[in-house]
Amino acid sequence: MPTLTTPYERAMAFIRSSFDRLKLSEKERDFLGMPQKTLKHTVRFKRDNGKEMEVPGYRVQYNNARGPYKGGIRYHPAADIEEVKALAALMAIKTAVVNIPFGGAKGGIQVNPKELSKGELERMSRAYLRLIADDIGADIDVPAPDVNTTPQIMAWMRDEYEKVKGVYAPALITGKPLSYGGSLGRDRATARGGFFILEQLARIEALDFKDLRVAVQGFGNAGSEMAIFLHDAGAQIVAVSDSRGGIHSKVGLDPLRIHKYKAKTGSVRGQYCEGSVCDLERLKLDETELISNEDLLEIDCDVLIPAALDNAITEKNVKNVKAKVILELANGPISPEADAILQKKGVIVIPDVLANAGGVTVSYFEWVQGRSGDYWTAEHVERELKRIMLQAFDDMRSEAKRKGITYREAAFNIAVGRIVEAMRVRGWVG
Ligand code: NAD
């Protein structure tokens, strides 16, 4: 297999492999092989110094056969059109895997938001929203947060939309603050959904959480919550990392403590290090060592959870991965080449399109509440999330067993099958 260099090529390699397994017609392959609509804009906003800044802003609407387009908005220097297209395609698959009535989309602004003040961030977010306002809506395309976008940013966007359109639009966008149409449980939903899947896998594989050593790459929203859920369930968190490096301990780490120090110092090494100066005595006392981001992926552990960026496990490092189970909490952390090698090694991979679908599932609950005016309790959200995640896991497992294929292949089969079925009954593909 030639090395797949762009995120879109990697995402499409997974999607296209299901076209053959499902024996799709040429017309169906062509339709699903590209986005339905691609919006490319120049976002202009004022810097605090009065000068104007221009950055590229995208919204890719991949497929809406099963319902309104749905997908987050990412602010990142690497958020180019290829990345946004890949994430939009994966969203279409994800909403179909968990069988919620949405299609798939993604938005992105190619910018480093850490270089912007709060006021600049607000002006940029409102300017982007104005550019896409005619192409989104509760029945058309429902955005949400993604990397570097927050409930506050969703609030600015909903407010801007309501102002320019002169409407009340509680279901326009999800991931909003609780005080402005958000849903209980949305903040932890991605990790909670992934946790339910691991719990079920442990039951099936007769694994006891108390015997599991877990490494988490990326101690952000999703990764830190996941580490806390697993620690509370008795698993041992042996390593965690963030963009500044990682820590490892054979006797186990306390993720709540790490969370506290990261909030204070900005790094998972915060309880031991101030910048590059580290307290070696304390590290020794706690039987903890500093590791690099690359080391984390190769740590001796039972479960590895990539929860940072895409393409973390590739043909370069996959041979050194020791975990027996990998749960993809990030989007696209394993390249197709590495995935094939993991399959040969017998590693169980829970694919991103299911593993991190808890986020979009609770976004769906938020959209339902926004449309109905209803307000769900935290218990109701938890119960419904668990029901949907376990049903999707069960569907994927049955398909994998029936066809003798991997979980990823099964998830893509189910999703592409559901999307094509909707396209057929709508008469889009003859
Ligand atoms: P986040 O920005 O809160 O966290 C990302 C973390 O990864 C940060 O701690 C960052 O320091 C760390 N990181 C960056 N580069 C790293 C590297 N090279 N090595 C180790 N750590 C590194 O983002 P998030 O919301 O937690 O999202 C993480 C991943 O999960 C993304 O791929 C995102 O698309 C996916 N995801 C998130 C959600 C959600 O609801 N938060 C839903 C679905 C998918």
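## Tour of salt bridges, ligand shell and disulfide

Select Arg126 to begin: with 14% relative accessibility, Arg126 counts as buried. Here buried means under 20% relative accessible area, exposed means over 50%, and partly exposed lies in between (1.4 Å probe, protein chains only).

The model is predicted, so that local features need pLDDT of at least 70 and side-chain atom pairs count only at pLDDT 80 or more, whereas totals for chains, interfaces and linings use all residues. Residues are numbered from 1 along each chain as its sequence is written, and side-chain values use heavy atoms, with hydrogens and water left out.

**Arg126 and Glu160**

Arg126 forms a salt bridge with Glu160, and the closest N and O atoms are 2.9 Å apart. This pair links distant parts of the chain, 34 residues apart: Arg126 belongs to helix H4 and Glu160 to helix H5 (residues 151-165). A salt bridge requires a side-chain nitrogen of Lys or Arg within 4 Å of a carboxyl oxygen of Asp or Glu. Helices (H or I, at least four residues) and strands (E, at least two) are DSSP runs, numbered from the N terminus. Glu160 is buried as well, at 9% relative accessibility. By the salt-bridge rule, the count comes to 34.

**Arg47 and Glu120**

Move to Arg47, which forms a salt bridge with Glu120, the closest N and O atoms being 2.9 Å apart. The two residues are 73 residues apart and link distant parts of the chain: Arg47 lies in the loop between strand E1 (37-46) and strand E2 (52-63), Glu120 in helix H4 (residues 118-132). Arg47 is partly exposed, at 24% relative accessible area, while Glu120 is buried, at 5%.

**Arg408 and Asp339**

Then select Arg408 and Asp339, a salt bridge whose closest N and O atoms are 2.9 Å apart. It too links distant parts of the chain, with Arg408 in helix H15 (residues 407-425) and Asp339 in helix H11 (residues 336-345), 69 residues apart. Arg408 is buried, with a relative accessible area of 4%, and Asp339 counts as buried at 11%.

**The ligand**

Display the ligand. Which of the 22 residues around the ligand come nearest? They are Thr190, Asn221, Ala222, Ala308 and Asn331; a residue counts as near if one of its heavy atoms lies within 4 Å of the molecule. Helix H7 (221-232) and strand E7 (236-242) each supply at least two residues of this shell. By class, the shell has 7 nonpolar, 10 polar and 5 charged residues. Ala, Val, Leu, Ile, Met, Phe, Trp, Tyr, Cys and Pro count as nonpolar, Asp, Glu, Lys and Arg as charged, and the others, Gly among them, as polar.

A polar backbone atom of Ser243 is 3.0 Å from a ligand oxygen, and a backbone N or O atom of Ala308 lies 2.9 Å from an oxygen atom of the ligand. Taken alone, the ligand exposes 820 Å², of which the protein buries 80%; the areas come from the Shrake-Rupley method with a 1.4 Å probe.

**The disulfide**

Finally, select Cys273 and Cys278, which form a disulfide with sulfur atoms 2.1 Å apart. With a cut-off of 2.5 Å between cysteine sulfur atoms, the count comes to 1 disulfide. The link of Cys273 and Cys278 is right-handed, with 110° about the S-S bond. Cys273 is buried, at 8% relative accessible area, whereas Cys278 is partly exposed, at 22%.

Key:
Polar contact = N/O pair within 3.5 Å; in protein donor to acceptor, adjacent residues only side chain to side chain.
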